[in-house]
Amino acid sequence: MCGIVGRVNAHREKPILAEELRTATRALIHRGPDGEGIFCRGHAGLGHRRLSIVDIAGGAQPMSNADRSITVVLNGEIYNYRALREELQARGFAFRTRSDTEVIVHGYDAWGDAVVEHLRGMFAFALWDERRQRLLVARDRLGIKPLYWAQAGADLVFASEIKALFAFSDIPRALDDAHFPAYLALRYVPAPDTLFEGIRRLEPAHLLAFENGRVSVTRYWDLPVEARSGEAGDDKEEAERLAHLLVETTGMHLMGEVPVGLFLSGGIDSTAVGWAMRAAGAQTLKSFSVGFDSPSDPESELAWARTAATALGTEHCEVRVGAAEFLDGLADLVYFLDEPNADGACIPLMHLARRARQEVVVVLSGEGADEALAGYPIYRRMLAIDRMRAAGGPLLRFAAGASMRWLSRGGKLRKYVAMLRQPIETRYLGVGRGFGDELLAEAFGPRALDAVISRFDALWARTDGAPALDRMLYNDTRVWLPDDLLIKADKMAMSAAIELRVPFLDHVMVENAWRLPAAMKIRDGAGKYLLRRAMKGRIPEAILRRPKRGFPVPIGRWLRTTLHDPCRERLLAAASSARSLMGERMLRRLLDEHRQGIADRTEELYALWVYEEWHRAWLSPRRERVERNVVKPAARAEPWGPAEAPAV
């Protein structure tokens, strides 16, 4: 829920400009269309846009204690707030609202900065301590809710989204092109950096304190990489524990005074969440899914979602997105994301959120299960390469190197043969990739790839000696999950003023998963073994047997047909930033290779196109200010009745 913004000036005699703070707050109106609150006291100011979900009548923010010595703005939900409220009341604190925000106000009074260790939820909050003249900013453990910050000289500003920072006249817009190779390689820029110079993303599980003109950033939680798998029980016991915990966690995620729905893909994760919603007591359940072009499209997920909807007994609605809607959505995409993210699922998710907002205010989804329980196929491929390297030794690696010259440039076989020569620390950069290693080195030189790889050095060091699977899961949970998947999920949902909740990323769920041995995650060539075991007999067998498949947006096909010319025109325009950074020759080669079927350049072209649209919207001297509606109509949306479910 909501959006937050604030500023604290280093010098106490320098007051906050209230109108500037209000402008910054209103830049987040799509995150909170239900109300606005401003706190200004001397050199400190906090702003809040509200999406009313908990204590609709009395939960306005900013929220202060009785003597106004502590003031808080919160974006998110504290799922254990009722238990914390009882604990704090027993300690003598008097509550004036039913809002979950108030437990942070009194919790800080009771526990200081350690209040974050008591919170179970998704959150980014800022707290002004009047007595100490100190700002405290915090982000939840897994990074479900975003938070950005920057310094204007000695002063500090922060916001849920970057666009709000630019409302302050002394925060400039400038490209930090040093991070451009990382963006192209990964499809996003890893935290704490962004492509805007001087603007940083607060990392998950971190606190930022600003006091006496000094900034300090500290980590308060980490994944329990030392957890002992020997503590786990047998398969049956652990499967029941997982099912019980999923119901408990999902029940907590149903909190609020507004309608709650489900994003349903027809995969095991979202279907399991739907089952848990029913088991936790949800009565009327509305579900929403997205597909492409037509029901007969072989890349469509809609048939699977219908099977799940029938089994769950939901009121189901489908949204269909074609190339035209995808193209029209690019301008909104770069506006609401603030920073380029070339995950192809963003635009379909934005349309899905718009449709869901017509009926619900909160939706649950299955994000996070793949990172906690090893669902992505790439994990199995990386482990297979490890086994081949161990079995073949130096001879295999030499043969792999010798064979490279016989393989075509850019092919998948060439990519995996090259990996045989590399240890996991240099070959694995996460679930999603844009530019491959060779193309990145060709465009920017070999040091560019080294710079991207070095971003992960500290993470690999943290898990040194751990099993390879745990090491990959750790990296993806720390980087890919918050900097790609959750940024996309939050901003695309909030662009339609809808709150997205992710039960699998409750930190208690995640810590439980880290107790489990690899054999309870990957078994018989499939990931998420324990979740499949836990859901057996509870969700359709066809869905349990279904292989993991990434969200199948047909961008590659569109870029060869309908979208080729618009993409080509953008990238090769005389004023193109991508052209100045990459060179016309390489851009033409990528476009031609993809259109002619010589190589699949979907990821490379889409990353460049998103970057170009972003640069034009945010950094071009001729950029136009476009006001965005809080909620726009979705793409083609159709109700669907369970009786129409086809067999899968």
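Predicted model: local features only at pLDDT ≥ 70, side-chain atom pairs only at ≥ 80, totals over all residues.

**Working through the model**

Colleague: Where does Q133 lie?

Modeller: Q133 sits in the loop between β6 (121-129) and β7 (134-139). Residues are numbered from 1 along each chain as its sequence is written, and side-chain values use heavy atoms, with hydrogens and water left out.

Colleague: Is Q133 buried or exposed?

Modeller: Buried, at 13% relative accessibility. The cut-offs are under 20% relative accessible area for buried, over 50% for exposed, and partly exposed in between, with a 1.4 Å probe and protein chains only. D524 also has a positive phi without being a glycine, near 55 degrees. It is found in the loop between α20 and α21, and at 76% relative accessibility D524 counts as exposed.

Colleague: And which peptide bonds are cis?

Modeller: One joins Q61 and P62, with omega about 0 degrees. P62 lies in the loop between β3 (44-50) and β4 (63-64). Another runs from A191 to P192, with omega near 10 degrees, and P192 is in the loop between α6 (180-186) and β10 (200-201).

Colleague: Let me step back. How many helices and strands are in the chain?

Modeller: The chain has 27 helices and 18 strands. Of its 648 residues, 61% count as buried.

Colleague: Change of topic. How many salt bridges does the structure hold?

Modeller: It holds 61. A salt bridge here is a side-chain nitrogen of Lys or Arg within 4 Å of a carboxyl oxygen of Asp or Glu. One of them pairs D235 with R523 at 2.7 Å, N to O. D235 belongs to helix α7 (residues 235-252) and R523 to the loop between α20 (507-514) and α21 (529-535), so the pair ties together parts that are 288 residues apart in sequence.

Colleague: Are those two buried or exposed?

Modeller: D235 is buried, with a relative accessible area of 18%. R523 counts as partly exposed, at 26%.

Colleague: What about R589 and E593, where do they lie?

Modeller: Both lie in helix α26 (residues 584-595), 4 residues apart, about one turn of the helix. E593 is buried, with a relative accessible area of 9%.

Colleague: Back to α7. At what angle do the axes of α7 and α8 cross?

Modeller: Roughly 70 degrees, and the axes come within 8 Å. That makes α7 roughly perpendicular to α8. The contact is made by A243, L246, V247 and T250 of α7 with A272, V273, W275, A276, M277 and A279 of α8. Contact means heavy atoms within 4.5 Å. Axes are lines fitted to C-alpha atoms, for helices over the stretch in contact, and angles run from 0 to 180 degrees between N-to-C directions. Under 35 degrees counts as roughly parallel, over 145 as roughly antiparallel, 65 to 115 as roughly perpendicular, and the rest as oblique.

Colleague: Why is α8 described as largely enclosed by the rest of the structure?

Modeller: 10 of the 12 residues of α8 are buried, so the rest of the structure largely encloses it. Among the buried residues are I268, D269 and W275. Just after α8, G281 takes a positive phi of about 110 degrees.

Colleague: Last one. What does Y376 touch?

Modeller: Leaving out residues up to four places away in sequence, Y376 touches D370, E371, V431, W480, L485 and K548. Y376 and K548 are 172 residues apart in sequence, yet 6.7 Å apart in space, C-alpha to C-alpha. Y376 lies in the loop between α12 (369-373) and α13 (377-403), and it is buried, with a relative accessible area of 12%.

Methods. Helix = DSSP H or I, 4+ residues; strand = E, 2+ residues; numbered from the N terminus.
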